[in-house]
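Here's a quick briefing for anyone opening this structure for the first time. Have a look at it, then read on.

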Amino acid sequence: MSHDDSENELTIEVPASLDGVRVDRAVAMVADVSRAAAARILEQGRVKVDGQPIAIARITLKEGSSLSIDVPEVASEHVAAEEDIAFDVVHEDADIAVVDKPAGLVVHPGAGHHEGTLVGGLLARFPELAALVDAGFCAPDRPGIVHRLDKGTSGLLAVARTPEAYTSLVSQLADRSMGRRYLALVEGEMADARGEIDAPIGRSMRTPTKMAVTAGGKPAITRYAMRQYFPGPPPRTLLELALQSGRTHQIRVHMAAIGHPVVGDPRYGAPDKRLGRGRFFLHAYELSLTHPVSGERLQFSSPLPADLAGYLEGG
């Protein structure tokens, strides 16, 4: 159970942006894999257009057609431990660890990121995590991982070190008793000092590599409260946000949907050179959970990283 809300089979209606595009290139874009991996997926008969299996890479797509891709599972071998991955451990005991992930670090292996991930660093620090995979609790690429942060997001993540802790943390995520609070600087001035965005999130039909608010998406609720307003120009607002669900890119999609994208977000807003490539102003600053064994309620916090604090000070 990985809680990244991705499905093994992706089915989209071919948008205008993919009209006339070769099927291998479209598979690479939609499934977020390399062209070589897309070619293998085609060869394995995992791609259908309008219900018909397609194995020829050079066939081009037509707008309005149905494209289905059966994305294969990540290879079943263990991720290698990596000693030189930089991250802070905020808390550790025999059952759980809480880590502070820097921006720019990918949580687990995926398309284009097979090494240099947080998981590799966690396995070096906590080798027993591999046993969770052997016991069938975790996917091979996510030992102990129960929730994620995007590469461009910094902040706190809970990691399970035992099967009992894994089961407990997954349950706390599912029933929303695990509290996750974020700080985000967003474009513009909010009309209300606090509010709730209740809008389902699914894969974008227009741009399949993005998520979007869609009628057929999965329920998603984000609550926000204004912490500070910066009149600019340009005007920006620092928000405190709490997730009531855990969808892919949830805060980024929800804020963009109401016209206030996260500052620096290259996918749902606009990049900001002051933040650097791939970095946006989103930080998971508070995490609260019930300890799986002691039952004690624990709360952890992480101050704004230097790059985000400096951005605010610079206006």
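Buried means under 20% relative accessible area, exposed means over 50%, and partly exposed is in between (1.4 Å probe, protein chains only). At 4% relative accessibility, Asp141 therefore counts as buried. This is a predicted model, where local features need pLDDT of at least 70, side-chain atom pairs count only at pLDDT 80 or more, and totals for chains, interfaces and linings use all residues. Residues are numbered from 1 along each chain as its sequence is written, and side-chain values use heavy atoms, with hydrogens and water left out.

**The sheet**
- Four strands make an open, antiparallel sheet in the order E1-E4-E2-E3; strands (at least two residues) and helices (H or I, at least four) are DSSP runs numbered from the N terminus, and two strands pair if DSSP finds at least two bridges between them.
- Strand E1 (9–13) and strand E3 (52–53) sit at the edges with a single partner strand each, so one side of each has no neighbour in the sheet.
- E1 is joined to strand E4 (residues 66–70) by five bridges, and Ile12 has Leu67 as its bridge partner in E4.

**The aromatic pair**
- Searching the whole structure turns up one aromatic pair; ring centres must lie within 6.5 Å, and planes under 30 degrees apart count as stacked, over 60 as edge-to-face and the rest as tilted.
- With centres 6.1 Å apart and planes at 70°, the rings of Phe281 and Tyr311 are edge-to-face.
- Both Phe281 and Tyr311 are buried.

Methods:
Rings of Phe, Tyr and Trp (its six-membered ring) pair if their centres lie within 6.5 Å; planes under 30 degrees apart count as stacked, over 60 as edge-to-face and the rest as tilted.
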